[in-house]
Amino acid sequence: MISFVYGDPDVPSLPLEEMAQAAEYLAENNRRDALAYQNAIQGDELNESLAQKLARDQGIHVSPEQIFVSHGASAGLSLLCDMVLDPGDVVLADAPAWMGATNMFRLAGAEVIGVPLDDDGIDPARVEAVLDDLARQGRKPKFLYTIPTFQNPEGVELSLERRHALAKLADERDLLIVEDDAYVDLRFSGEPKPTLFSLSQRGNVLFSGTLSKTIAAGLRLGYLVGPADVMATMARGAVDTLRNTYTAALADWYLRSGKLEAHIIELRQIYREKCERMLAALEREMPEGTSWTRPNGGFFIWLTLPEGVDAVDMLPAAREAGVDYIPGTAFYSDGSGRGNLRLSYSGVTLEQIDEGIARLAKVTRAALAKAGAPAD
């Protein structure tokens with residue numbers, strides 16, 4: 001089975017040797033505090049190194065007290081749902097959207113309203129139209145959840161013009177935006193675009209980041225950035241108010257040593273090569289009528305099947321042929337997306353990409369023929 005399902009990291013690139021160096025550093029410097037409970041009054045050094053990274057890489061200038069470190073970014077988002085969402089609330093989200101987030105919103109009892117994406121990301125004009133429609137009903141969303149940079153699942157990037165417009169809309173309409181930028185460091189080419197957090201003039205954006213995509217998912221370190229009083233409230237609301245001090249200390253060494261900057265350069269090359277390999281395979285193998293996004297970073301490609309081919313119905317045959325994917329319906333709240341599927345290139349080899357796309361193309365041609373249309 002060749003699986004394009006999960007956004008797993010490239011395993012050979014995981015920095016095992018550097019983590020061993022970090023552990024040696026802690027031992028040599030008698031850092032027994034890294035094996036004890038976190039100081040509940042004073043945060044550890046990771047907040048400081050994250051603040052330095054955010055200023056250098058994303059243009060986000062915050063104090064360490066404005067950063068809440070969680071057990072992975074998902075735990076931070078889950079805690080935010082616990083803190084602010086009540087049954088019957090409304091949340092706006094990308095459509096399609098990362099299913100992990102929308103599942104959390106629905107479990108909290110919220111109604112998820114999707115705002116369609118295009119090649120330039122979410123459209124602020126569409127967001128405003130939804131806000132106006134809700135206002136006429138006497139309703140207001142608790143927040144808008146969006147992944148502006150190399151979006152999951154589509155891989156598209158919010159344009160510069162739309163970033164400014166969306167941040168302005170948030171300020172004018174007092175709309176809280178949860179900006180999930182898990183893939184922001186994995187840009188293949190070009191200059192980075194400003195974050196919504198840095199563009200908002202009234203602090204209406206919470207920034208969600210992670211070290212899972214750049215250091216190691218097994219460290220379970222994500223973080224939320226926002227006003228210091230909000231982050232302090234988040235910390236008090238956590239079931240486990242203490243972080244993993246050992247992995248935090250390992251990550252802090254990795255950031256301060258400069259290892260992360262060099263590793264990110266390596267990762268960009270690895271994932272760019274995989275993405276280009278998959279794009280070339282799709283161009284070579286897939287039947288006419290198939291289209292797909294062309295990401296400039298991140299882990300995912302969003303594929304649109306030819307007319308009449310259903311990604312859900314085709315999945316059993318694909319698995320029988322030895323290739324797996326996630327149908328587009330998983331990323332919508334209204335059952336849409338049967339003509340789409342998400343492909344992840346991050347955790348597979350170049351050879352698996354070639355073979356897997358060839359298998360997928362063969363299954364797609366068979367489904368197209370069954371639908372009564374020519375296969376080319």
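Predicted model: local features only at pLDDT ≥ 70, side-chain atom pairs only at ≥ 80, totals over all residues.
K53 sits in helix 2 (residues 46–58), while D185 belongs to the loop between strand 7 (177–180) and helix 7 (196–199). The pair therefore ties together parts that are 132 residues apart in sequence. K53 is also buried, at 2% relative accessibility.

The bridge belongs to a network of salt bridges that links K53, R56, D57, D185 and E261. Within this group, R56 and D57 meet through their side chains at 2.9 Å, N to O. R56 is partly exposed, with a relative accessible area of 41%. D57 is partly exposed too, at 26%. The count for the model comes to 30 salt bridges.

R338 and D310 form another salt bridge, at 2.5 Å from N to O. The pair links distant parts of the chain, 28 residues apart. R338 lies in the loop between strand 13 and strand 14. D310 lies in the loop between strand 11 (300–304) and helix 11. D310 counts as buried at 18% relative accessibility, since the limit is under 20%. R338 is partly exposed at 37%.

D310 has a second contact. At the start of helix 11, one of its side-chain oxygens reaches to within 2.8 Å of the backbone nitrogen of V312.

The buried residues of helix 11 are A311, M314, L315 and A318. Viewed down the helix axis, they fall within an arc of 125 degrees, so they line one face. They pack against strand 12, strand 13 (326–327), strand 14 and helix 12. The face turned away from this buried side carries the exposed residues D313, P316 and E320. Just after the helix, G322 takes a positive phi of about 90 degrees.

## Helix 12

Helix 12 covers residues 350–370. At 1.5 Å a residue, its 21 residues should span 30 Å. The end C-alpha atoms are 30 Å apart, which agrees.

Buried positions in helix 12 are L350, I353, G356, I357, L360, A361, V363, T364 and L368. Their cover includes two helices, helix 10 (259–285) and helix 11 (311–320). It also includes strand 1 (2–3), strand 12 (323–324) and strand 14 (340–344). After helix 12 comes G372, with a positive phi near 90 degrees.

## N152 in its loop

N152 lies in the loop between strand 6 (143–146) and helix 6 (160–173). The residue is buried, with a relative accessible area of 3%. Its side chain makes a polar contact with the side chain of R342, at 2.8 Å. Leaving aside residues up to four places away in sequence, N152 touches A97, W98, I147, Y183, F300, F331 and R342.

## Cysteines

A search of the whole structure finds zero disulfides. Among the cysteines, C81 counts as buried at 3% relative accessibility. C275 is buried as well, at 1%.

Technical notes: Residues numbered from 1 in each chain as written. Heavy atoms only, no water. Helix = DSSP H or I, 4+ residues; strand = E, 2+ residues; numbered from the N terminus. Expected span 1.5 Å × (residues − 1). Buried < 20%, exposed > 50% of the residue type's maximum accessible area, 1.4 Å probe, protein only. Contact = heavy atoms within 4.5 Å. Disulfide = S-S within 2.5 Å. Polar contact = N/O pair within 3.5 Å; in protein donor to acceptor, adjacent residues only side chain to side chain. Arc of directions from axis to C-beta. Salt bridge = Lys/Arg side-chain N within 4 Å of Asp/Glu carboxyl O.
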